[in-house]
Amino acid sequence: MSATLLDRIKTLKEQVPQSPIVASGKLVRGIGLTLEAVGCQMPVGSQCLVQTVDGEIEAEVVGFAEDITYLMPTEAVKGIVPGSRVQPLNREQGLAVGMELLGRVVDGNGQPLDGLGPIKTEKRVPLTRPPMNPLIRKPITQPLDVGVRAINAMVTVGSGQRMGLFAGSGVGKSVLMGMMTRGTKADVVVVGLVGERGREVKEFIQDILGEEERKKSVVVAAPADTSPLMRLKGCETAVTIAEYFRDQGFNVLLLVDSLTRYAMAQREIALAVGEPPATKGYPPSVFARLPALVERAGNGSENQGSITAFYTVLTEGDDLQDPIADAARAILDGHIVLSRALADSGHYPAIDVEASISRVMPMVVSKEHEQSARRIRQVYSNYQRNKDLITIGAYTKGTDPRLDLAITAEPAINAFLQQGMHQILDFEQSEAAMSALSGGLGTG
């Protein structure tokens, strides 16, 4: 064989793509949320295209059983027929990240939704990463100013803390998230709107978030009418983006609304592929995914920034013992409970300071701050315990000096805990107002 022919063969070989050739498969079943295909071997988590009568839809491999591969479409299933071709996608994996994401609104796959053109980034990172060694994380030592007086003073949040925001529907979760977004001193804000009403996405961006705050924010939206796979990815995409900015040295505020919808999306997927239900209809994989997602937030190493995360938890029927609420409370660093009774009485933000707690508050505030907060909490709790007696006139003034103080101080404490939607009260203002209020309550 001549040298010229060998050179020609070598040149042609170099021009042939080196990616492995994966055979196409075909659909054999489509029921509910899942599609079943045979003839294609793809790893779990890989993407493929499913041929329909109207074109192609994208799907992801979510499981397998013997020679059957289970697929979950990323959009509505329509136009599929038996024997439809399933073509594996050999495209670059991972999520595109970069500073270009700031000010943008993206979907669960990181694709733009705001009509401002493509997001030109060069770096890609996987949606999941190995757990961080807990010994290399920086300790939580500094408070994070969120601009909300009741939180800054009574349930102080540390930079790098993971908090739960527990509330029923319509109690003011989104409004409180918007207040924290506008008032925070964090460098970057990442908001994940997952499984909520589509109307709320635009309202949050235009009315609650505001134009100035958008410049340092990234919004990931996967509304309720998207597939469970997209809702699942929405949360993971928001956390991955927050991790990228933390790795660059920024202090990030991550707001995920809601953790409950994330769990429900995983439940839909798990039940569709045959996983048995365990606790009140939730398969075991749900309770495995929750800590894996939550633990990704927090402080990074010495050369990195931090992610202070707020995960909203929807308590259906205001039941704080719901399986998801109970699991979230165990893996988070504290929780803020929004009370429907307070919201119904016009008390906003409707934070129930009795039921709310920050586990790292003693590590990030002074002794004087902690003592003032405890004193206000004691007086407020004393009034709440005896509220029914006071309301019906069964309590006689002078019977209990501590209750007399609580009755006198109740209007001032209520005024202290309330705040206007567009009002920003920084940490120093909150601490000064709390000290003044606590000083007027004495030391009894």
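Start by selecting strand 11 and strand 12 (residues 217–222): six bridges join them, and the two run parallel. Strands count as paired here if DSSP finds at least two bridges between them. The strands (E, at least two residues) and helices (H or I, at least four) are DSSP runs, numbered from the N terminus.

This is a predicted model, in which local features need pLDDT of at least 70 and side-chain atom pairs count only at pLDDT 80 or more, while totals for chains, interfaces and linings use all residues. Residues are numbered from 1 along each chain as its sequence is written, and side-chain values use heavy atoms, with hydrogens and water left out.

**Stop 1: strand 11 and its partners**

Zoom in on V191. Across in strand 12, V191 stands opposite V219. Strand 13 pairs with strand 11 in the parallel sense, over six bridges. Here the bridge partner of V191 is L255.

Next, show the side chains of strand 11 (residues 188–194). How many of its seven residues are buried? Seven of the seven are, so the strand is mostly covered. Buried means under 20% relative accessible area, exposed means over 50%, and partly exposed lies in between (1.4 Å probe, protein chains only). In a regular strand, side chains alternate between the two faces of the sheet. Look at each face of strand 11 in turn. V188, V190, G192 and V194 lie on one side, V189, V191 and L193 on the other, and all are buried.

**Stop 2: an aromatic cluster**

Select Y244, F245 and F250, which form one aromatic cluster. Rings of Phe, Tyr and Trp (its six-membered ring) pair if their centres lie within 6.5 Å; planes under 30 degrees apart count as stacked, over 60 as edge-to-face and the rest as tilted. By this rule the count comes to three aromatic pairs. Take Y244 and F245: the ring centres are 5.3 Å apart and the planes stand at 70°, so this pair is edge-to-face. F245 and F250 are also edge-to-face, because their planes are at 70°, with centres 6.2 Å apart.

F245 is buried, at 0%. Y244 counts as buried too, at 10%. F250 is partly exposed, with a relative accessible area of 25%.

**Stop 3: a charge over a ring**

Select R267 and Y282. R267 lies over the face of Y282, at 4.3 Å from the ring centre. The rule asks for NZ of Lys or CZ of Arg within 6 Å of the ring centre and within 35 degrees of the ring normal.

**Stop 4**

Go to D257 and S258. A cis peptide bond joins them, with omega about 10°. S258 sits in the loop between strand 13 and helix 7 (259–272).

Move on to Y348 and P349, joined by another cis peptide bond, with omega about -10°. P349 is in the loop between helix 10 (340–344) and strand 17 (357–358).

Then select E66, in the loop between strand 4 (55–65) and strand 5 (68–73). Its phi is positive, about 55°, although E66 is not a glycine. Is E66 buried or exposed? E66 is exposed, at 80% relative accessible area.

**Last stop: confidence**

Colour by pLDDT, the predictor's confidence in each residue, from 0 to 100. The protein chain averages 88, and 94% of the residues score at least 70. Helix 2 (residues 149–154) has the highest mean, 96, and helix 1 (residues 3–15) the lowest, 66. Where pLDDT is low, the predicted coordinates should not be read in detail.
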